Amino acid sequence: MSRSVRTRPEGSGQALSEAYDTALLDLDGVVYAGGNAIAHAVESLAAARERGMRLAYVTNNALRTPDVVAGHLTELGVPAEAGDVITSAQAVARLISEQVPQGARVLVVGGEGLRVALRERGLVPVESADDDPVAVVQGYGGPELPWGRFAEACYAIARGVPWFASNTDLTIPSGRGIAPGNGAAVEVVRIATGAEPRIAGKPLPPMHRETILRTGAERPLVVGDRLDTDIEGAFNGEVDSLLVLTGVTDGAQLLAAPPRHRPTYVDADLRGMLTGQPEVAGEDGAFRCGGWTAKAGSGRLELDGDGAALAGLRALCAAAWTAAGDGVCELDGEKALTRLGL
């Protein structure tokens with residue numbers, strides 16, 4: 001199915017919390033960081049909920065169960081129930097359940113989140129390749145996951161047992177910095193076996209399908225901080241997205257985003273859910289937003305004017321994405337971003 005290439009962030013005359021019925025929120029980098037709530041997140045989510053927007057929390061991390069995630073959110077001041085949390089463990093468990101018999105054994109390389117999700121689908125988690133599993137599933141198991149778990153996966157896969165992965169995020173943020181994620185662990189098994197897993201998590205369709213099935217959202221808005229999971233997942237699901245700049249994505253990455261990584265809206269943090277979004281006007285190759293004018297110059301992006309930094313960033317996005325078309329903008333935007341303090 002063909003779709004038009006986004007060349008600028010969109011505007012909205014309505015607050016996003018009123019224009020969409022459900023927010024599908026990523027967690028780390030959006031709601032919290034290192035276990036602590038991000039500035040403005042708690043009050044913004046409360047205000048969106050009061051306006052009638054449903055809040056659902058969508059995470060690629062398969063380690064924690066929905067109950068545990070909901071408890072953490074509630075402790076932070078964001079009231080949540082297990083049914084508000086959708087994990088890649090749930091998505092991969094559904095994917096497996098559609099291909100194996102009820103009550104089948106599945107070898108788990110991961111944590112409790114995977115085991116709970118498999119049991120929910122009527123499947124039986126096992127620990128060894130000698131337990132006659134009909135599938136292998138791999139998800140983030142935390143820093144204490146024994147090396148021998150990878151060996152069990154390899155033994156089963158070598159016998160022809162199909163292999164599934166909750167997600168392939170190479171890294172995961174921690175309180176001490178960036179740590180290896182499930183994608184790094186998947187690479188260990190891939191190298192050892194030469195096999196390829198079926199993957200469920202963001203940005204792939206099984207995760208989006210799981211989210212819509214569990215929330216019943218009719219007009220969802222994906223809210224995230226990562227271009228390659230959150231925003232690409234929205235693109236694949238053909239729904240709108242809001243990128244917040246409280247996580248891993250910076251201005252330079254946003255300007256260089258290919259079409260599948262270009263969000264519908266861009267804002268500083270979750271307060272952007274509570275407001276409309278300004279239009280970016282374009283004429284004769286120049287793009288204006290809030291007092292700033294951006295255009296593609298000779299080898300670089302040019303920015304003139306004054307005003308809020310975020311308005312300037314939106315104008316720069318329009319200039320960069322238009323110049324790039326369906327490719328990646330290679331124009332130098334460093335000077336323009338420095339002027340905006342980004």
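**Salt bridges, sheet and spaces**

Me: How many salt bridges does the structure hold?
Reply: The model is predicted. A salt bridge here needs a side-chain nitrogen of Lys or Arg within 4 Å of a carboxyl oxygen of Asp or Glu. The count for the structure is 19.

Me: K202 forms a salt bridge with D26; how far apart in sequence are the parts that the pair ties together?
Reply: The closest N and O atoms of K202 and D26 are 3.0 Å apart. D26 sits in the loop between strand 1 and strand 2, and K202 in the loop between strand 12 and helix 8, so the pair links parts separated in sequence by 176 residues.

Me: Which are the edge strands of the open sheet of six strands?
Reply: The strand order is 5-4-1-13-14-15, with parallel pairing. An edge strand pairs on one side only. That gives strand 5 (85-87) and strand 15 (265-267).

Me: Which residue in strand 14 stands opposite G224?
Reply: Strand 13 covers residues 220-224, and strand 14 covers residues 240-244. Four bridges join these parallel strands. Opposite G224 stands L243.

Me: What angle does the direction of helix 4 make with that of strand 5?
Reply: Helix 4 (residues 88-97) packs on the sheet. There, helix 4 touches strand 4 (54-59) and strand 5. The angle between the directions of helix 4 and strand 5 is about 60°.

Me: Which element gives the most to the lining of the largest cavity?
Reply: This cavity holds about 150 Å³ of space. Its lining has 16 residues, and the closest to the centre include K202 and V222. Strand 1, helix 8, strand 13 and helix 9 each supply at least two residues. The top contributor, with four residues, is helix 9.

Me: Which element gives the most to the lining of the largest pocket?
Reply: About 670 Å³ of space lies in this pocket. Its 34 lining residues include D28, T59, N61, I172 and P173, the closest to its centre. By class, the lining has eleven nonpolar, 15 polar and eight charged residues. Giving the most, with four residues, is strand 10.

Me: How many charged residues does the lining of the second largest pocket have?
Reply: The second largest pocket has about 390 Å³ of space. It is lined by 17 residues, with R3, S4, R6, F235 and V239 nearest its centre. Six lining residues are nonpolar and four are polar. The charged residues number seven.

Conventions:
Residues are numbered from 1 along each chain as its sequence is written. This is a predicted model: local features need pLDDT of at least 70, side-chain atom pairs count only at pLDDT 80 or more; totals for chains, interfaces and linings use all residues. Side-chain values use heavy atoms; hydrogens and water are left out. Two strands pair if DSSP finds at least two bridges between them. Contact means heavy atoms within 4.5 Å. Axes are lines fitted to C-alpha atoms, for helices over the stretch in contact, and angles run from 0 to 180 degrees between N-to-C directions. On a 1 Å grid over the protein atoms alone, a cavity is a set of points where a 1.4 Å probe fits but cannot get out, and a pocket is an open set with protein on both sides within 12 Å along at least five of seven lines; lining residues have an atom within 4 Å of a point. Grid points are joined across faces, edges and corners, and a volume is the space filled by probe spheres set on the points. Ala, Val, Leu, Ile, Met, Phe, Trp, Tyr, Cys and Pro count as nonpolar, Asp, Glu, Lys and Arg as charged, and the others, Gly among them, as polar.
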